[in-house]
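Trainee: I'd like to take a close look at one part of this model with you. Could you walk me through it?

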Amino acid sequence: MSAATTRSRTPDRLCVEAVDLARAAAEEAAYPGVVGEHTAAIAEGDRVVTHFFECKDPGYRGWRWAVTVTRASRAKNVTLDESVLLPGDDALLAPEWVPWSERLRPGDMGPGDLLPTDAEDLRLEPGWSGEDAPPPNSVVSSEMAELVEAEDADVTDRAVVPVRGSITSVAEELGMRRARVLSRYGLHSAADRWDESFGAKTPMAQAAPASCVSCGFLVAIGGSLGQAFGICANEFGPADGRLVSLSYGCGGHSEAAVMPKPPRPAPPVLDSMASDEFPLRPSTDTGSVPTADELASDLGHS
């Protein structure tokens, strides 16, 4: 163990008594009025003491001024070492700094904004560059190259229209002649994000009568994502123009319900071959009303 670690950590008396020197240094670093009461004096080492003062600045609640003083060995003059504003246990601190790339959220980019893409972005991978050997992680794999070679196809330059059947034409057809394309990680992250918005676990899909895979308003897409997603073309649906999962669904399904046709009334029946009689007076032999002669005899008239 060294001699420095065995020395006493008892605060030096002259350094502890140098409160006025420490206060003057704190007020010089800040300005008079924001340096409060003296709160503590802690020994940092042999003849090194740090004085703490309360900070009254409203913007630094819970902070304190720390002024370190010291003196040389066998010297009686105390000198200033440093002064700094330090946070206390209940200090109001700013949130941890987060890089802009991690603060960015969907929808933050507006017209005229540029979003640079990192060269090592895991969502992208090199596309088909036109070289004789395709990249190892490209869709144009070695098996495809062997197939093209067996058919005696030529690999043409990118500036020339690719020959039908060549690797370049296949890459162009698959959309792989770009500098970078989506990687497997990029495809999976995009699929997870879209499925969260318009997938089978959403409340709309849970209450739907059927899924989008059997809906007539679904527009199919190409590529590997076409096996799980499509575009909704129902203008009355909640996902019109959006990429939806095949397991998604809504009440606007094309086969959800077939509206029954309104019933047609029966055609009227007209009998024009005979006529019905409508007498003005009831017949005398029908009904319970007595005739005029019977009424006269009952009353005694002749």
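Trainee: Let's begin with Arg74: is Arg74 buried, partly exposed or exposed? After that, please take me on to the largest pocket.

Mentor: Happy to, and do keep in mind that this is a predicted model. Arg74 is exposed, because its relative accessible area is 85% and the cut-off for exposed is over 50%. Arg74 sits in the loop that runs between strand S3 (63–70) and strand S4 (79–87). Its backbone deserves a glance too: phi of Arg74 is near 65 degrees, a positive value in a residue other than glycine. Arg47 also has a positive phi, near 60 degrees, and belongs to the loop between strand S1 (35–45) and strand S2 (48–55). With a relative accessible area of 28%, Arg47 is partly exposed.

Now for the largest pocket, which holds about 840 Å³ of space. It is lined by 25 residues, and the closest to its centre are Leu104, Leu115, Asp121, Arg123 and Arg193. Helix H4 (100–103) and helix H7 (184–197) each give at least two residues to this lining, with H7 providing the largest share, six residues. By class, the lining has 12 nonpolar, eight charged and five polar residues.

Together with Trp100, Leu104 and Met109, Leu115 makes a nonpolar surface patch of about 390 Å².

Terms used: Residues are numbered from 1 along each chain as its sequence is written. This is a predicted model: local features need pLDDT of at least 70, side-chain atom pairs count only at pLDDT 80 or more; totals for chains, interfaces and linings use all residues. Side-chain values use heavy atoms; hydrogens and water are left out. On a 1 Å grid over the protein atoms alone, a cavity is a set of points where a 1.4 Å probe fits but cannot get out, and a pocket is an open set with protein on both sides within 12 Å along at least five of seven lines; lining residues have an atom within 4 Å of a point. Grid points are joined across faces, edges and corners, and a volume is the space filled by probe spheres set on the points. Helices (H or I, at least four residues) and strands (E, at least two) are DSSP runs, numbered from the N terminus. Ala, Val, Leu, Ile, Met, Phe, Trp, Tyr, Cys and Pro count as nonpolar, Asp, Glu, Lys and Arg as charged, and the others, Gly among them, as polar. Patches are made of residues with over 30% relative accessible area and no salt bridge: like charges are joined within 9 Å, nonpolar side chains (Val, Leu, Ile, Met, Phe, Trp, Tyr) within 5 Å. Accessible areas come from the Shrake-Rupley method with a 1.4 Å probe; for residues, only the protein chains shown count as cover. A salt bridge is a side-chain nitrogen of Lys or Arg within 4 Å of a carboxyl oxygen of Asp or Glu. Buried means under 20% relative accessible area, exposed over 50%, partly exposed in between (1.4 Å probe, protein chains only).
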